[in-house]
Amino acid sequence: MHEEIETRIRLYDFSTGKQTFFQWQAGMLPSLAGKRVLELGCGSGGVWTSLLPRWSNCELTLTDISEAILVEAQTSLEPFSHLAASLTFAALDFNQLAAIEGPFDVVLANHNLFYAQDIDALLASVANLLAPDGLLICSTVGQDHLHELATLLRLQRNDLPWGAEQWANCFGLENGQAILLRQFSQVDQFEYDNSLHVNSVEPVMSYLLKTMKSGLAEWVAQHYEEIRAAVGAAMLAKGYLRLTPHSGFFIAHRSR
């Protein structure tokens, strides 16, 4: 999972926007200084380099399924740790939230709820962990995320599965609000406006192999040189391949 996330982030190095997704998200959120915060699937902790300067004096519990990733997160966040009232790291599969004791004022889950084994059960558990008027902040993608790349690949095979479509079907920008409203009283939605101008083939190939798993990654590996040539050819006209991310986040409010 960690390699998948880091590969996704490297593709976003080609963003044309002035802000990364995490920077944009941090700027859109209300001040939550001094709150008790739980993050599900914190990865290397990248979002907190943008959030901690805004959310000072929080009691943070950052979790991930991988203990190795938590060590990396702890190292990367050491320069910012003085901004938190407390900073705790815990290995946790978010499908088993009974291991965590609340309440929390905020639960944060960025680009991972579509991996839930049972999304309704997970969200019910999150709601139970939240204090009255607590918030769940969670990001995801839409079905047309990086659609230009899907279109390019489907010129080679028209029935090719596309990971973003599968993720969004589970929990995406199109259905996420309705899913969240089954457990929360109010849900606000925000969408990120950005594009990528990718002028190198290798990050695209890494993304396809490491992020888009199952049938797609296997097919790309089997047709690697053919796909690599097609991606390279698509970059020739303008010197880059334009890709459009479709991502955003929700703020779900627990009722009293």
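Residues are numbered from 1 along each chain as its sequence is written, and side-chain values use heavy atoms, with hydrogens and water left out. Because the model is predicted, local features need pLDDT of at least 70 and side-chain atom pairs count only at pLDDT 80 or more, while totals for chains, interfaces and linings use all residues.

Helices (H or I, at least four residues) and strands (E, at least two) are DSSP runs, numbered from the N terminus. Seven strands, in the order β3-β2-β1-β4-β5-β9-β6, form an open sheet with mixed pairing; two strands pair if DSSP finds at least two bridges between them. At the edges stand β3 (86–91) and β6 (186–192), each of which pairs on one side only. Axes here are lines fitted to C-alpha atoms, for helices over the stretch in contact, and angles run from 0 to 180 degrees between N-to-C directions. Strand β1 (residues 36–39) runs parallel to β4 and is joined to β4 by 3 bridges. Within β4, L108 is the residue opposite E39.

The D105 side chain comes to 2.8 Å from the backbone nitrogen of R36. With residues up to four places away in sequence not counted, the contacts of D105 are K35, R36, L130, A131, G134 and L135, where contact means heavy atoms within 4.5 Å.

N110 is also part of strand β4. It is buried, at 9% relative accessible area. The side chains of N110 and S139 make a polar contact of 2.7 Å. A polar contact is a pair of N or O atoms within 3.5 Å; within protein, one must be able to donate a hydrogen and the other to accept it, and residues adjacent in sequence count only if both atoms are side-chain atoms. Beyond neighbours within four places in sequence, N110 contacts F21, F22, Q25, L40, V47, C138 and S139.

Helix α2 (residues 21–28) lies across β4, β5 (130–141), β6 and β9 (247–253), at about 30 degrees to β9. Its buried residues are F21, W24, Q25 and A26, and these pack against α3 (48–51), β4, β5, β6 and β9.

In helix α5 (residues 119–129), the buried residues are I119, L122, L123, V126, A127 and L129. These residues line one face of the helix, because they fall within an arc of 160 degrees when seen down the axis of α5; the arc is that of the directions from the helix axis to the C-beta atoms. Among the elements covering the buried residues of α5 are β1, β4, β5, α7 and α8 (176–180). The N-terminal end of α5 is capped by D118, with a side-chain oxygen 3.2 Å from the backbone nitrogen of D120.

The structure contains 6 salt bridges, a salt bridge being a side-chain nitrogen of Lys or Arg within 4 Å of a carboxyl oxygen of Asp or Glu. One of them joins E148 and R242 (3.9 Å, N to O). E148 is in helix α6 (residues 147–154) and R242 in strand β8 (residues 241–243), so this pair ties together parts 94 residues apart in sequence. E148 is buried, with a relative accessible area of 18%, whereas R242 is partly exposed, at 41%.

R154 and E165 form a salt bridge of 2.9 Å, N to O. R154 lies in α6 and E165 in α7, so the pair ties together parts that are 11 residues apart in sequence. R154 is partly exposed, with a relative accessible area of 26%, and E165 is partly exposed, also with 26%.

A salt bridge between E202 and R228 has its closest N and O atoms 2.4 Å apart. This pair links distant parts of the chain, E202 being in helix α9 (residues 201–210) and R228 in helix α11 (residues 224–236), 26 residues apart. E202 is partly exposed at 35% relative accessibility, and R228 is partly exposed with a relative accessible area of 31%.

Terms used:
Buried means under 20% relative accessible area, exposed over 50%, partly exposed in between (1.4 Å probe, protein chains only).
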